[in-house]
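The following questions and answers are meant to be read beside the sequence and the coordinates.

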Amino acid sequence: MAYKMKKHTIIASVLFSFLLVYSAPAGQKELMEKKVKELIELNKIVVEKNIDLKKYNNQTVFIKAKLLQVTDTEYKVKVEEVSAEAIKDEGKKDDDSVIVKAKISEKPDKTFYLDIEHVLPPEKKESDKKEKETTK
Amino acid sequence: MRTAAIIIIAGLLSINLFSQEQMGPANKKLNSINCAKVLAERNIVETVYGIKLRFTEEVNNILEGSFEGSVETKTGKRTIKGIEFEPVKYDAEKDIAQATATLKLKNISDIVDKEKFNIDKFPEKVIKRTAFATSSPDKARKIAAIRAAEIDAYKNLYKKIGGFTLESNTKIENFVLKSENVKASVIGALMGADFMGFTWDGEGNDAIATVKLRINVKELSEMIGEKIVDADKDFIEAEGQGAQKSAAASPRKSKDEGKQAMKTDIIEGNINVMP
């Protein structure tokens with residue numbers, strides 16, 4: 001019974017998260033997708049640099065690390081805790097920090113403004129709006 | 001009894017909405033200008049006394065990317081005096097006000113802990129912060145996106161100065177990572193950030209705002225008398241991004257609405273906001 005309840009709760013929360021992501025407006029959705037990619041990529045780099053994959057193969061590993069962004073693409077990583085279901089690991093020592101390179105986002109050159117003339121985004125072109133209306 | 005209460009609440013809400021819609025141009029103008037000035041003052045407080053940040057970003061990989069992120073900010077109750085305003089700009093056509101607040105550090109020398117902050121070294125230092133505000137809900141969503149981007153930039157700036165914690169549960173299958181849950185979090189406070197500007201990517205309601213913040217690490221280090229971060233650079237910069245809300249939030253009624261605005265110079269005129 002409890003298992004069934006848990007299963008239902010998981011399914012409901014997954015569906016809710018799905019709805020949250022896909023009901024978001026385009027701009028918000030884009031940012032959320034970008035953030036997901038960034039976090040997954042960053043975690044991948046941190047884990048690969050700090051964990052012996054052979055040792056933890058076919059297991060779920062918990063890792064807790066302190067990160068300091070050194071540059072746009074470099075992070076200083078200090079692993080505080082590593083543990084798995086079967087093997088317990090004390091993790092890296094305090095002074096044992098590594099630099100990982102993580103190119104996780106692209107930053108195109110932009111012109112920044114601080115005036116009322118640019119405070120609103122450009123409006124969608126009329127031709128685009130008409131095209132959308134006709135396709136409807 | 002319950003039905004009566006619901007009817008009364010609904011009635012009050014509709015009156016409130018109606019009054020918002022009925023706000024005349026003069027009221028809108030005063031409201032927008034006052035809001036912009038208050039926001040500019042808040043920005044000055046954020047720069048001088050700092051902003052408290054608490055953020056978590058979590059990815060659950062069951063769906064290949066369900067994301068939950070939140071950033072909370074708080075600016076403590078602070079006494080500050082000597083804030084001056086540059087002439088406020090107001091675009092009547094778009095109902096947007098721009099206020100720029102300035103503060104000379106020497107003006108707060110008597111309310112700042114001089115043992116902690118060595119502000120006498122920079123007697124001529126002027127802090128300048130700009131804010132925008134509107135009374136029109138459709139424009140408010142866009143201006144709110146700039147603020148969201150600013151908070152994101154604060155968070156990213158903190159990542160470079162104070163760092164953050166990354167926690168993950170990662171499944172390794174056949175020597176390949178299969179990420180399941182990743183969480184990044186931080187609690188900290190940041191002061192001395194300058195707002196460098198904003199830009200927009202995209203058009204209309206889908207446009208994303210990007211804000212750039214910068215900290216003069218060298219100057220701030222001298223001011224507080226300790227090294228902030230192991231960096232050779234004088235400045236640390238960070239960008240943040242913000243999106244517009246899907247539904248227009250109904251603006252809260254200002255307490256000062258209808259009151260006489262503070263005496264300020266206002267530059268009026270048509271400003272071509274939309275390219």
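Two residues are in contact if their C-beta atoms, placed from the backbone, lie within 7 Å. The model discussed here is a predicted one.

Q: Among contacts in chain A between residues at least 6 apart in sequence, what percentage join residues at least 24 apart?
A: The count considers contacts within chain A whose partners are at least 6 apart in sequence. The share of these contacts that join residues at least 24 apart is 45%.

Q: In what order do the elements of chain A run from the N terminus on?
A: Chain A has 3 helices and 4 strands. Read from the N terminus, these elements follow the order α-α-β-β-β-β-α.

Q: What percentage of the residues of chain A count as buried?
A: A residue is buried if 20 or more other C-beta atoms lie within 10 Å of its own. Chain A has 136 residues, and the share that counts as buried is 20%.

Q: Which element gives the most residues to the side of chain A that touches chain B?
A: The contact takes 53 residues from chain A and 64 residues from chain B. On the side of chain A, the elements that give two or more residues are helix H1 (2-23), helix H2 (26-50) and strand E1 (59-69). The element that gives the most, with 17 residues, is H2(A).

Q: How many nonpolar residues has the side of chain A that touches chain B?
A: By class, this side of chain A has 10 polar and 13 charged residues. Its number of nonpolar residues is 30.

Q: Which residue of E7(B) stands opposite Ile63(A)?
A: E1(A) pairs with strand E7 (residues 164-173) of chain B in the antiparallel sense, over 9 bridges. In E7(B), the residue opposite Ile63(A) is Ser168(B).

Q: How many residues of strand E5 of chain B are buried?
A: Strand E5 of chain B spans residues 96-104 and is mostly covered. Of its 9 residues, the number buried is 7.

Q: Which residue in the turn between E4(B) and E5(B) has a positive phi?
A: Strand E4 (residues 88-91) of chain B runs antiparallel to E5(B), with 3 bridges joining them. Lys89(B) has Gln98(B) as its bridge partner in E5(B). The two strands form a hairpin with 4 residues between them, and the turn residue with a positive phi of about 55° is Asp95(B).

Q: Which residue in E6(B) stands opposite Lys104(B)?
A: E5(B) and strand E6 (residues 126-134) of chain B run antiparallel and are joined by 9 bridges. The residue of E6(B) opposite Lys104(B) is Val126(B).

Definitions and conventions: Residues are numbered from 1 along each chain as its sequence is written. Chains are lettered from A and ligands numbered from 1 in the order in which they are written. This is a predicted model: local features need pLDDT of at least 70, side-chain atom pairs count only at pLDDT 80 or more; totals for chains, interfaces and linings use all residues. Ala, Val, Leu, Ile, Met, Phe, Trp, Tyr, Cys and Pro count as nonpolar, Asp, Glu, Lys and Arg as charged, and the others, Gly among them, as polar. Two strands pair if DSSP finds at least two bridges between them. A residue is buried if 20 or more other C-beta atoms lie within 10 Å of its own, exposed if 12 or fewer, and partly exposed in between; C-beta atoms are placed from the backbone.
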